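Hi,

Here is the structure I promised to pass on.

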Amino acid sequence: MNTMSLKRVIAHNTLIQIVGKTISVLLGLLAVAIMTRSLGVEQFGWYVTAAGFLQFIGIFSDFGFTITTANMLSEPYFDKNKLLNNLFTWRFLTAFLFQGLAPILILLFPYPAPIKMAVLVTTLSFFAISLNNIFIGYYQSQLKMFIQMSGEILGRIVLVVGLLLVARGNYGFLPTMGVVTLASVVYTFYLWLRSPGARFAFDRAISKAIFIKIWPTALTVIFNAFYLQGDRVILPLYASQADVGLYGAAYRVLDMLAQAAAMIMGIMMPLVTFAWSRNLIDDFKKRYQMSFDLVCLFLLPAMAGILVLAQPIMLVIAGAEFGGSAKILQYLAVAIVGLSFGNVFGYIALAINRQRQAIGIYLADAVLAIIGYFVFIPRYGLYGAAYVTIFSELFAGLGLLLLIAYYAKIWPRLFTFIKIALASLIMGAILFYLQPLNLILSILIGIAFYTLLVLIFRIITLKTVREVLSRG
């Protein structure tokens, strides 16, 4: 595949995902808006605590099935259907074991009783989300992420409609958790229906290959659970549920951006793996650089926009009762740089089969983050959690950058990164100068100026845009 054809494939898949993800994000923000207004700060804190605990279990037992599935299905070693079925079987068993323990483990924590009931109700939701790992990895490998996006949107529609009905009937907290579970189950069922029909299967040779591929990734993901979700588990031990609600509302925005970075790398991962596994070094270098540039192109302006618009963003999303979330969101936005690097270089480490070497980075980050959470959260509360989150994201991102540079003998070129950062800074300054403005108008102005700056700085040229949009 020549460079222009590759750009066209990536652009078309990215465009589909951008449109789909935009719809999904808007529906997700609408769901948050309904929940925050119907539950209030304290009960939304209950939701954040319950979801944070289950997310911790979910990440702890994730084992990297999504990227491992996309990676192995891009390699030429096994029959694709047999491989998919074996991956599905192992994902089902591991998810059933770990998610099944969640309602028991939550009893060991001194959380209020409604939170423990919420974990029981929503365990099925996170079990369904765990199964999605396999289907998303499959659609990534096939460059058919439109199927995943349509399923995600369907789940979000079910979520929003269900939440509206619960809020209108004033049914309360636990029925809200039931709606969250139903939406996840619908999403997973749709992905399964559109797949080749993943079934239970066991092949000794394939299972051995999966284990060899996945165990280093599994360890890194387990360590990820501590530094990515540790704050959501530890914070409720030292802060009120109202404060947890404020922190969780701000973190929802960061979660959306993390999904955007994962979306881009989901598109690039099979292409990078294909080049590396076949020793196409020049193609690998181009696709590696393209991955880095694409993630920065989308996430750096998002960081600049959030730093300026945090207050109106939180007022629109969560309501006046959550106004205190804005400052937390500004702190968390700084972590976007580390989040960008961590996503790119984490995926690249898997593509070049250096998961084992990455274990030390994730282990050190997990240890430092947990120590940091227990030191800074009791002293500084929400801001202590935010400080450690910023540090842990930057630590992982820079550590993985050095690892890739050492083993792949390549550094990402920073010229485009500098131009993107400058364009984002200028856009942020313009928005800051124009405030106060309506949030939607501010976002549209920011997008317009950033697009113009991208063209002026030749980050993307008009010629490239025309070629990408052309047929053939």
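Below is what turned up when I went through it, starting with the whole chain and then moving to single residues.

One thing to keep in mind: this is a predicted model.

**The whole chain**

The fold is built from helices, with 16 of them and 0 strands. Of the chain's 472 residues, 58% count as buried. If you look at contacts with a separation of 6 or more, 84% of them are between residues 24 or more positions apart.

**The cores**

The largest nonpolar core has 129 residues, and the members that touch the most others are Ile313, Phe345, Ile348 and Ile404. Helix α9 (residues 281–318) gives this core its largest share, 20 residues. Take Ile313 as an example: once neighbours within four places in sequence are set aside, it contacts Val253, Ile306, Leu329 and Leu439. There is also another core lying apart from that one, with 23 residues, including Leu83, Ile134, Tyr139 and Ala209.

**Leu246**

Leu246 sits in helix α8 (residues 241–277). Is it buried or exposed? Its relative accessibility is 14%, so Leu246 counts as buried, the cut-off being under 20%. Leaving out residues up to four places away in sequence, Leu246 touches Val41, Glu321, Phe322, Ser325 and Leu382. Gly323 is 77 residues from Leu246 in sequence, yet their C-alpha atoms are 8.3 Å apart in space.

**Helix α13 and what comes after**

Leu382, one of the residues touched by Leu246, belongs to helix α13 (residues 382–408). Just after α13 comes Lys409, which takes a positive phi of about 60°. The charged end of Lys409 sits over the ring of Tyr406, 4.9 Å from the ring's centre.

**Aromatic pairs**

How many aromatic pairs does the structure hold? The count is 21. Phe44 and Tyr47 make up one that is tilted, at 5.5 Å centre to centre with 45° between the planes. Those two are 3 residues apart in helix α1 (residues 3–60), so about one helical turn separates them. Both Phe44 and Tyr47 are buried.

Phe92 and Phe127 are another pair to look at. Their ring centres are 5.3 Å apart and their planes are at 80°, so this pair is edge-to-face. Phe92 is in helix α3 (residues 80–105) and Phe127 in helix α4 (residues 113–141), so the pair ties together parts that are 35 residues apart in sequence. With a relative accessibility of 23%, Phe92 counts as partly exposed, whereas Phe127, at 15%, counts as buried.

Finally, ring pairs link Phe284, Tyr288, Phe292, Phe345 and Phe417 into a cluster. You have met Phe345 already, among the members of the largest core that touch the most others.

Cheers

Methods
Residues are numbered from 1 along each chain as its sequence is written. This is a predicted model: local features need pLDDT of at least 70, side-chain atom pairs count only at pLDDT 80 or more; totals for chains, interfaces and linings use all residues. Side-chain values use heavy atoms; hydrogens and water are left out. A nonpolar core is a set of buried Ala, Val, Leu, Ile, Met, Phe, Trp, Tyr and Cys residues joined through side-chain atoms within 4.5 Å. Buried means under 20% relative accessible area, exposed over 50%, partly exposed in between (1.4 Å probe, protein chains only). Helices (H or I, at least four residues) and strands (E, at least two) are DSSP runs, numbered from the N terminus. Contact means heavy atoms within 4.5 Å. The expected span of a helix is 1.5 Å times one less than its number of residues. Rings of Phe, Tyr and Trp (its six-membered ring) pair if their centres lie within 6.5 Å; planes under 30 degrees apart count as stacked, over 60 as edge-to-face and the rest as tilted. A charge sits over a ring if NZ of Lys or CZ of Arg is within 6 Å of the ring centre and within 35 degrees of the ring normal.
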